2 protein chains.
Amino acid sequence: MYTIGQISEMFGIPISTLRYYDKEGLFPKIERQSGIRRFSETEVETLRIIECLNASGLGIKDIKQFMEWTTEGSATYARRRQLFEKRKAAVEDEIRRLQKTLDMLKYKCWYYETAIRDGNEDRISAMLPDRLPPEIQKLYDHGRS
Amino acid sequence: MYTIGQISEMFGIPISTLRYYDKEGLFPKIERQSGIRRFSETEVETLRIIECLNASGLGIKDIKQFMEWTTEGSATYARRRQLFEKRKAAVEDEIRRLQKTLDMLKYKCWYYETAIRDGNEDRISAMLPDRLPPEIQKLYDHGRS
DNA sequence: GTATTACCTAAACCTGACTTTAGGTCAATG
DNA sequence: CATTGACCTAAAGTCAGGTTTAGGTAATAC
């Protein structure tokens, strides 16, 4: 059993945030000892799931919904699975989107390296939009598609 | 030359957002014809950069700073390059973070597939934390590290 | 000539995710 | 026995990134 301060330390999450999560119903089964929250392994695992779902871009209201399902036992396995499948697809999309952004950023890095070397952007402008060096052209094209 | 409505269509960005960007100084050189904004190729390119920097997680104030640098010519090439290098590193970090999240989500998908098949979580609980099937163990371990 | 459509502004409003504030309880320490 | 430290609540405040509202102009369509 842990106090809110210990959990805050363990996860690097401010106490105020943990209390806010609790107020929002993210720890549906948390116990209290004369008013004081007692975090068990259940809540530690819950917090790991919160971090994961949060990192996947899910909002707090939907995380709360998920936590309610976990209190309903095996009847909600299918819904919970569905949620994770959707989050998986969303994160895969997000990674693809970031991969494109990354190619655009790499192109821009090359752009400014070249502009610094040349002292101006004239030579690059003359190569646009389809006469860039092959490797750079790939980045440029992927970054816009 | 394009009107704000045409640009909104082209980029799939609400007109209100484009006006908001302008108010925030993201189109430092935009022209007006008796009060009406006229978007040229310069602003189209600016919007592509806004989308890219935004997607990289940069806030609007910092994007504005960048746009100011572009109006100062070759004197700011080095600062602009530095910004893109930093965004590149930030996006690389974010992709790594999402990769971990993805592994955790894949593990959770397997978890619920298995729980559904078994009708309960007992068999899985008995395998935790280090007797999971090899492929799943990899996902589980990576997702927490 | 009026009605519609596309544009304009300033300012208020909204949402999500916290954080801060103000005031209080309770156990241990000097 | 008073002060410190760790906990508590409710409510207000903050911030980013927009969106909505209310009121106005100006060209085209019927």
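# Close-up views of a two-chain model

**Figure 1. Thr101(A) and its neighbours across the chain boundary.** Leaving aside residues within four places in sequence, Thr101(A) is in contact with Cys52(B), Ala55(B), Ser56(B) and Val91(B). Please keep in mind that the model shown here is predicted. Thr101(A) belongs to helix α5 of chain A, which covers residues 77–118. Is this threonine, Thr101(A), buried or exposed? With a relative accessible area of 7%, Thr101(A) is buried.

**Figure 2. The contact between chain B and chain A.** Here we look at where the two chains meet. Chain B brings 38 residues to the contact, and chain A brings 39 residues. About 3,500 Å² of area is buried between chain B and chain A, and carbon and sulfur atoms give 72% of that area. On the side of chain B, the residues that lose the most area to chain A are Tyr77(B), Leu105(B) and Tyr112(B), which together make up 19% of what that side buries. Across the interface there are 4 residue pairs in polar contact. Two elements of chain B, α3 (41–55) and α5 (77–118), each give two or more residues to the side that touches chain A. Which of the elements gives the most to this side of chain B? That is α5(B), with 26 residues. Sorted by class, the side of chain B that touches chain A holds 17 nonpolar, 6 polar and 15 charged residues.

**Figure 3. The rotation axis that relates the copies.** Chain B can be superposed on chain A by a rotation of 180° with 0.0 Å of shift along the axis, giving an RMSD of 0.1 Å. The two copies are therefore related as by a two-fold rotation axis.

Figure 4. How many salt bridges are found across the interface of chain B and chain A? The count across this interface is 6, while a search of the whole structure, over all chains, finds 27. In one view, the side chains of Arg81(B) and Glu113(A) meet in a salt bridge, 3.8 Å from N to O. This pair runs from helix α5 of chain B, where Arg81(B) sits, to helix α5 of chain A, which holds Glu113(A). Both ends are partly exposed: Arg81(B) has a relative accessible area of 30%, and Glu113(A) has one of 26%. In another view, Arg144(A) forms a salt bridge with Glu45(B), and their closest N and O atoms are 3.6 Å apart.

Figure 5. Arg37(B) has its place in strand β2 of chain B and is buried, at 16% relative accessible area. A polar contact of 2.7 Å joins the side chain of Arg37(B) to the side chain of Asp22(B). Asp22(B) also meets Arg32(B) in a salt bridge between side chains, at 3.4 Å from N to O. Arg32(B) is partly exposed, with 45% relative accessible area, whereas Asp22(B) is buried, with 13%. Beyond four places in sequence, the contacts of Arg37(B) include Tyr2(B), Thr3(B), Ile4(B) and Arg19(B).

**Figure 6. Arg38(B) in strand β2.** Strand β2 of chain B spans residues 36–38 and includes Arg38(B). At 25% relative accessibility, Arg38(B) is partly exposed. Its side chain makes a polar contact of 3.5 Å with the side chain of Gln33(B). Not counting residues up to four places away in sequence, Arg38(B) touches several others, among them Met1(B), Tyr2(B), Ile30(B) and Glu43(B).

Figure 7. The side chains of Lys138(A) and Glu135(A) meet in a salt bridge, with 3.4 Å from N to O. Lys138(A) and Glu135(A) are 3 residues apart in helix α7 (residues 134–144), so about one helical turn separates them. Lys138(A) and Glu135(A) are both exposed.

Terms used:
Residues are numbered from 1 along each chain as its sequence is written. Chains are lettered from A and ligands numbered from 1 in the order in which they are written. This is a predicted model: local features need pLDDT of at least 70, side-chain atom pairs count only at pLDDT 80 or more; totals for chains, interfaces and linings use all residues. Side-chain values use heavy atoms; hydrogens and water are left out. Contact means heavy atoms within 4.5 Å. Buried area is the accessible area (1.4 Å probe) that two parts lose on being put together, summed over both. A salt bridge is a side-chain nitrogen of Lys or Arg within 4 Å of a carboxyl oxygen of Asp or Glu. A polar contact is a pair of N or O atoms within 3.5 Å; within protein, one must be able to donate a hydrogen and the other to accept it, and residues adjacent in sequence count only if both atoms are side-chain atoms. Helices (H or I, at least four residues) and strands (E, at least two) are DSSP runs, numbered from the N terminus. Ala, Val, Leu, Ile, Met, Phe, Trp, Tyr, Cys and Pro count as nonpolar, Asp, Glu, Lys and Arg as charged, and the others, Gly among them, as polar. Copies are superposed by least squares on the C-alpha atoms of residues with pLDDT of at least 70 in both. Buried means under 20% relative accessible area, exposed over 50%, partly exposed in between (1.4 Å probe, protein chains only).
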